Amino acid sequence: MAVPGWERAARLLVCALGIALSVYAYHVETSRGKDAEYRALCDINPSISCSKVFTSRWGRGFGLVENILGAQSLLNQPNSVFGVAFYALQILLGFSGLAVAAVTLLVTSLVSIAGSLYLAYVLFYILEDFCVICITTYVLNFLLLLLNVKRLRWLTTSSSRKRKKNKKKKN
């Protein structure tokens with residue numbers, strides 16, 4: 001079933017921004033790892049610093065993977081790697097008009113919101129920092145959730161209308 005063009009355009013924009021921010025976050029983390037003096041554009045002052053966040057233990061595997069699977073686990077990647085994968089998945093599934101794709105989009109969005117809430121808690125209450133890149137990705141994740149809810153509703157109502165129309169034709 002065809003998805004409205006505005007929804008695809010909005011999804012592409014949000015996901016492109018998400019991928020760009022994730023790639024930049026990866027760049028900041030790896031640059032800071034090579035050079036402790038590296039200063040990112042998003043390092044505004046000591047309490048507004050993305051480098052502090054990205055290089056913290058919560059910047060890899062959400063601060064959980066290392067404790068569970070070990071530091072050398074394949075899953076103990078920078079959070080930005082998971083971000084790129086998430087936004088790429090949102091783009092790819094966004095081209096499908098199938099209900100199963102819409103459900104998958106919604107479920108992965110809900111997982112991203114849970115991760116965003118967890119990382120926001122860490123950001124504000126544990127690290128006591130403000131990360132512009134992080135907050136922006138949380139907003140993008142919320143926008144994707146809204147798009148995915150809207151898509152599922154649209155597909156559900158379109159499917160329902162189509163069934164009613166076919167039922168009328170048979171009678």
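Reply: What follows covers the disulfides, then the pocket and the cavity, then a helix. Please note that this is a predicted model, in which local features need pLDDT of at least 70 and side-chain atom pairs count only at pLDDT 80 or more, while totals for chains, interfaces and linings use all residues. Residues are numbered from 1 along each chain as its sequence is written, and side-chain values use heavy atoms, with hydrogens and water left out.

Me: Understood. How many disulfides does a search of the whole structure find?

Reply: Two disulfides are found, a disulfide being a pair of cysteine sulfur atoms within 2.5 Å. One joins Cys42 and Cys50, with sulfur atoms 1.6 Å apart. The other joins Cys131 and Cys134, where the sulfur atoms are 2.5 Å apart.

Me: Which hand does each link have?

Reply: The link of Cys42 and Cys50 is right-handed, with 50° about the S-S bond. The link of Cys131 and Cys134 is right-handed as well, with 75°.

Me: Are Cys42 and Cys50 buried or exposed?

Reply: Cys42 counts as buried because its relative accessibility is 6%, and Cys50 is buried with a relative accessible area of 0%. Buried here means under 20% relative accessible area, exposed means over 50%, and partly exposed lies in between (1.4 Å probe, protein chains only).

Me: And the other pair, buried or exposed?

Reply: Cys131 is buried at 0% relative accessible area, and Cys134 is buried at 8%. In sequence order, the bonded cysteines of the protein pair as 1-2, 3-4.

Me: Which cysteine is in no disulfide?

Reply: Cys15 is in no disulfide, and the nearest cysteine sulfur, that of Cys134, is 18 Å away. Cys15 counts as buried because its relative accessibility is 0%.

Me: Changing topic: how much space lies in the largest pocket?

Reply: The largest pocket holds about 660 Å³. On a 1 Å grid over the protein atoms alone, a pocket is an open set of points with protein on both sides within 12 Å along at least five of seven lines, whereas a cavity is a set of points where a 1.4 Å probe fits but cannot get out; lining residues have an atom within 4 Å of a point. Grid points are joined across faces, edges and corners, and a volume is the space filled by probe spheres set on the points.

Me: Which residues are closest to the pocket's centre?

Reply: Of the 33 lining residues, Phe62, Asn79, Phe82, Gly83 and Leu119 are the closest to the centre. H5 gives the most to this lining, with nine residues.

Me: What about cavities?

Reply: The whole structure has one cavity of 30 Å³ or more. The largest cavity is lined by Arg8, Arg11, Leu12, Ile91, Gly94 and Phe95. H1 and H4 are the elements that give two or more residues to this lining, and H1 supplies the largest share, three residues.

Me: Back to H5: what is its span?

Reply: H5 has 28 residues and reaches 39 Å from its first C-alpha to its last, close to the 40 Å expected at 1.5 Å a residue. The expected span is 1.5 Å times one less than the number of residues. Helices (H or I, at least four residues) and strands (E, at least two) are DSSP runs, numbered from the N terminus.

Me: Which residue takes a positive phi just after H5?

Reply: Glu128 does, with a phi of about 50°.
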